Amino acid sequence: MLRSLAVLLSAALALSGIAACQQQKFTKNSATHTRDGALGITETNPNMPLSASFRTYPDDLRVMQNAISQRFPNVSITSISLNGPTAYVRLNAPAHTSPEEIERIRQGAAEVLAFAAPRYNANVTVTAK
């Protein structure tokens, strides 16, 4: 008698658990993301176009030009080309710049670019003209 009551009770609990799992429905009151179109990703990825910290290629170029111009006012920027994760930067130093100074400018420009645009690997070339 006691055994059959335990079997009936465990069967009733098992059936009620299955029914409870099947009755869960998502309603409009369930939690949603703040920006439903991107499923909440916009708060975690700073490079999403919807993010305030998102920068485009022209913005990256402007930041790089400003960083080099502020650090080396006597050096002119010949070109900056972006190819994937690499930024190719060509600079012109004044005509009678020593080779040691050219190397210092190249290393300094690479450091400035690493700080200003960390997502690019800077390949800097400096010539004296």
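The model is predicted, so local features need pLDDT of at least 70, side-chain atom pairs count only at pLDDT 80 or more, and totals for chains, interfaces and linings use all residues. Residues are numbered from 1 along each chain as its sequence is written, and side-chain values use heavy atoms, with hydrogens and water left out.

**Overall fold**

The chain holds 3 helices and 3 strands. Helices (H or I, at least four residues) and strands (E, at least two) are DSSP runs, numbered from the N terminus. Their order from the N terminus is α-α-β-β-α-β. Of the 129 residues, 23% count as buried. Buried means under 20% relative accessible area, exposed over 50%, and partly exposed in between (1.4 Å probe, protein chains only). The chain exposes about 9600 Å²; carbon and sulfur atoms supply 58% of that area. Areas come from the Shrake-Rupley method with a 1.4 Å probe; for residues, only the protein chains shown count as cover. Contact means heavy atoms within 4.5 Å. Among contacts between residues at least 6 apart in sequence, 50% join residues at least 24 apart.

**Sheet and helices**

The 3 strands form an open sheet in the order β1-β2-β3, with mixed pairing. Two strands pair if DSSP finds at least two bridges between them. β1 (76-83) and β3 stand at the edges with a single partner strand each, so one side of each has no neighbour in the sheet. The twist averages 15° from one strand to the next. β1 and β2 run antiparallel and are joined by 7 bridges. Ser79 stands opposite Arg90 in β2. The β1-β2 hairpin has 2 residues between the strands. In this hairpin, Gly84 takes a positive phi near 65°.

α3 lies across β2 and β3 and runs at about 150° to β3. Axes are lines fitted to C-alpha atoms, for helices over the stretch in contact, and angles run from 0 to 180 degrees between N-to-C directions.

**Nonpolar core**

Which residues touch the most other members of the largest nonpolar core? They are Met64, Val89, Leu91, Ile105, Leu113, Val124 and Val126, out of 17 residues. α2 (57-71), β2 (86-93), α3 (99-116) and β3 (121-128) each supply at least two residues of this core. Such a core is a set of buried Ala, Val, Leu, Ile, Met, Phe, Trp, Tyr and Cys residues joined through side-chain atoms within 4.5 Å. Ile105 touches Phe72, Val75, Leu91, Ala93 and Val126, not counting residues up to four places away in sequence.

Asn92 is in strand β2. Asn92 counts as buried because its relative accessibility is 19%. Beyond four places in sequence, Asn92 is in contact with Asn74, Val75, Ser76, Thr78, Thr127 and Lys129. Its side chain makes these polar contacts, among them one with Thr78. A polar contact is a pair of N or O atoms within 3.5 Å; within protein, one must be able to donate a hydrogen and the other to accept it, and residues adjacent in sequence count only if both atoms are side-chain atoms.

| Side chain | Partner side chain | Distance |
|---|---|---|
| Asn92 | Thr78 | 3.0 Å |
| Asn92 | Thr127 | 2.7 Å |

Ala116 is in helix α3. Ala116 counts as buried because its relative accessibility is 17%. Leaving aside neighbours within four places in sequence, Ala116 is in contact with Arg55, Val63 and Ala67. The C-alpha atoms of Ala116 and Gln65 are separated by 9.8 Å, while the two residues are 51 apart along the chain.
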